[in-house]
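Work through the exercises below with the sequence and the coordinates at hand. Each task is followed by its solution.

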Amino acid sequence: MNLANRITLVRIFLVPVMTIFLLIKLDVEPLSIGSYSISYNQVFALLIFIIAASTDGLDGYIARKRKIVTNLGKLLDPLADKLLMAAVLIALVEMEKLGAWVAIIIISREWAVTGLRQIALLEGTVLAASKWGKWKTAVQITMIIVLLLNNFPFNFIDLRIDLYVVWAAVLITVYSGVDYFVKNKNLIPVD
């Protein structure tokens with residue numbers, strides 16, 4: 001197994017570790033700065049999420065740079081992405097930091113585009129990530145970080161950046177999903 005695929009596997013294995021930190025409450029006083037507080041397990045989960053999310057670009061870069069792109073990597077990379085995002089979104093719903101409808105929209109879009117990509121593969125075509133798909137990923141990661149930070153540091157100035165990034169994530173997620181389907185409508189059988 002090559003280095004890129006190992007990095008992808010690390011991302012997959014980090015998902016349950018991150019989820020445990022998000023969902024299990026440690027019996028420790030939270031970290032506090034004035035009126036702001038955050039639990040230590042949330043800080044650990046945030047660090048794990050940032051590490052896992054950063055490996056997404058790293059594994060692809062290494063695979064392309066070293067010319068070690070494999071079918072296993074093509075399968076594992078999007079699977080790792082979906083597992084990471086779905087796990088953290090579901091945990092955020094459980095933590096009451098995110099509405100279930102937001103998680104449903106984001107997860108549904110991810111699996112719908114994955115289905116479209118599978119259809120394309122059956123037709124012998126590879127659908128590359130679009131610029132909107134890349135923006136979607138960046139905004140979703142930003143949303144998750146802001147939510148896990150409990151809107152820090154914007155809470156000190158009463159600015160609800162968390163609400164803005166949630167709405168931005170929903171809108172760009174929907175738009176990028178529609179964009180994939182419109183640009184690839186020829187792949188969808190209408191018989």
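**Exercise 1.** In what order do the elements of the protein chain run from the N terminus on?

The model is predicted: local features need pLDDT of at least 70, side-chain atom pairs count only at pLDDT 80 or more, and totals for chains, interfaces and linings use all residues. Residues are numbered from 1 along each chain as its sequence is written, and side-chain values use heavy atoms, without hydrogens and water. Take helices as DSSP runs of H or I with at least four residues, and strands as runs of E with at least two, numbered from the N terminus. The order is then α-β-β-α-α-α-α-α, with six helices and two strands.

**Exercise 2.** Find the largest nonpolar core and the elements that build it.

Step 1: a nonpolar core is a set of buried Ala, Val, Leu, Ile, Met, Phe, Trp, Tyr and Cys residues joined through side-chain atoms within 4.5 Å; buried means under 20% relative accessible area (1.4 Å probe, protein chains only). Step 2: the largest such core has 36 residues, and Met18, Val88, Leu89, Leu98, Met143 and Ile144 have the most contacts inside it. Step 3: the elements giving two or more residues are H1 (3–23), H2 (40–65), H3 (71–94), H4 (100–122), H5 (131–148) and H6 (161–183). H3 gives the most, eight residues.

**Exercise 3.** Which residues does Leucine 89 touch, not counting residues up to four places away in sequence?

With contact taken as heavy atoms within 4.5 Å, Leu89 touches Leu98, Ala103, Ile106, Ile107, Met143 and Ile144.

Terms used. Buried < 20%, exposed > 50% of the residue type's maximum accessible area, 1.4 Å probe, protein only.
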